[in-house]
Amino acid sequence: MKQLWWKISFYFVLFVVVLFMAIDGYSSVLIVGTAVMATLIFFIIRFIYPLALEKRVDRVESFLRSQKNTPGLYINYVFANRLEDEARTIMEQLMSKYKQAAAQASYKAAYGVYRKDMTAVQEALPYIRYSDYRTYYETILLLEDGESAQARKRLESIKKPWMRSALLTEIELKAGCIETAVKHAREALNSSRGVQHYVLHKEYERILPRAVELVS
């Protein structure tokens, strides 16, 4: 409802501005350019910012909850909040929507980690397109196999700081080094934004609450 109100308000204001410019004799190029620029700014504020830049957990959560009709985004809210029934339903929707193995792979791997089903992760791995994400899941598999030293070495090739820190958090947790795990968890939170920041924050609220005490 709030999202609809924002859209109605934006289009009403845009209509008024365009009407004023037309009546006042502005050129059609300027009118169209103003409308396009205003629409682009609105899109960035309402979609791109919470998706990729926002640090406020409550705002990202509000954004994700409004994305029920976009399963590729809404799945982050479902996984982060451990909504078991919705997780199965939304995975069915995604598998039905995306038929190619490469398009399904990241969702299958994430769902495998969510369910602690490493066989599913292993099966999805060859089809994951992006090297950082493929290495991320390879590292998780090594860690689950008890190969902590190899996992630590494998993650060194990952370029994304939040991803490296998140994996180091898991490694230190398994080793029982809570203080070091907290340190890396905070690094992961500080270097992440948008949806990924939200997912990490919700996870650490459950398994490592100390990590989120001083992180907004």
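Analyst: Helix H12 gives 9 residues to the lining of the largest pocket, the most of any element.

User: How should I read that, and how much space lies in the largest pocket?

Analyst: This is a predicted model, where local features need pLDDT of at least 70 and side-chain atom pairs 80 or more, while totals for chains, interfaces and linings use all residues. Residues are numbered from 1 along each chain as its sequence is written, and side-chain values use heavy atoms, leaving out hydrogens and water. A pocket is an open set of points on a 1 Å grid where a 1.4 Å probe fits, with protein on both sides within 12 Å along at least five of seven lines; lining residues have an atom within 4 Å of a point. Its volume is the space filled by probe spheres set on the points. Here, about 1500 Å³ of space lies in the largest pocket. Closest to its centre, out of 43 lining residues, are Asn-76, Ala-110, Tyr-137, Gln-196 and Val-199.

User: Which elements give two or more residues to that lining?

Analyst: Helices are DSSP runs (H or I, at least four residues), numbered from the N terminus. The ones you want are H2 (28–53), H4 (71–80), H6 (101–114), H8 (131–144), H10 (161–174) and H12 (194–207).

User: What about the largest nonpolar core: which members touch the most others?

Analyst: Think of buried nonpolar residues joined through side-chain atoms within 4.5 Å; buried means under 20% relative accessible area, exposed over 50%, partly exposed in between (1.4 Å probe). This core has 32 residues, and Tyr-136, Tyr-137, Leu-200, Tyr-204 and Leu-208 touch the most other members. At least two residues each come from H6, H7 (118–124), H8, H10, H11 (178–190) and H12. Apart from this core lies another of 21 residues, including Phe-63, Tyr-74, Ala-87 and Met-95.

User: How many aromatic pairs does the structure hold?

Analyst: Rings of Phe, Tyr and Trp pair if their centres lie within 6.5 Å; planes under 30 degrees apart count as stacked. This structure holds 7 such pairs. Take Phe-79 and Tyr-111: they're stacked, 5.8 Å centre to centre with 5° between the planes. Phe-79 sits in H4 and Tyr-111 in H6, so the pair ties together parts 32 residues apart in sequence. Both Phe-79 and Tyr-111 are buried. Ring pairs also link Phe-79, Tyr-111 and Tyr-114 into a cluster.

User: And Tyr-107, is it buried or exposed?

Analyst: Tyr-107 is buried, at 19% relative accessible area. Its stacked partner is Tyr-98, 5.9 Å centre to centre and 15° between the planes. Tyr-98 is partly exposed, at 25%.

Definitions and conventions
Rings of Phe, Tyr and Trp (its six-membered ring) pair if their centres lie within 6.5 Å; planes under 30 degrees apart count as stacked, over 60 as edge-to-face and the rest as tilted.
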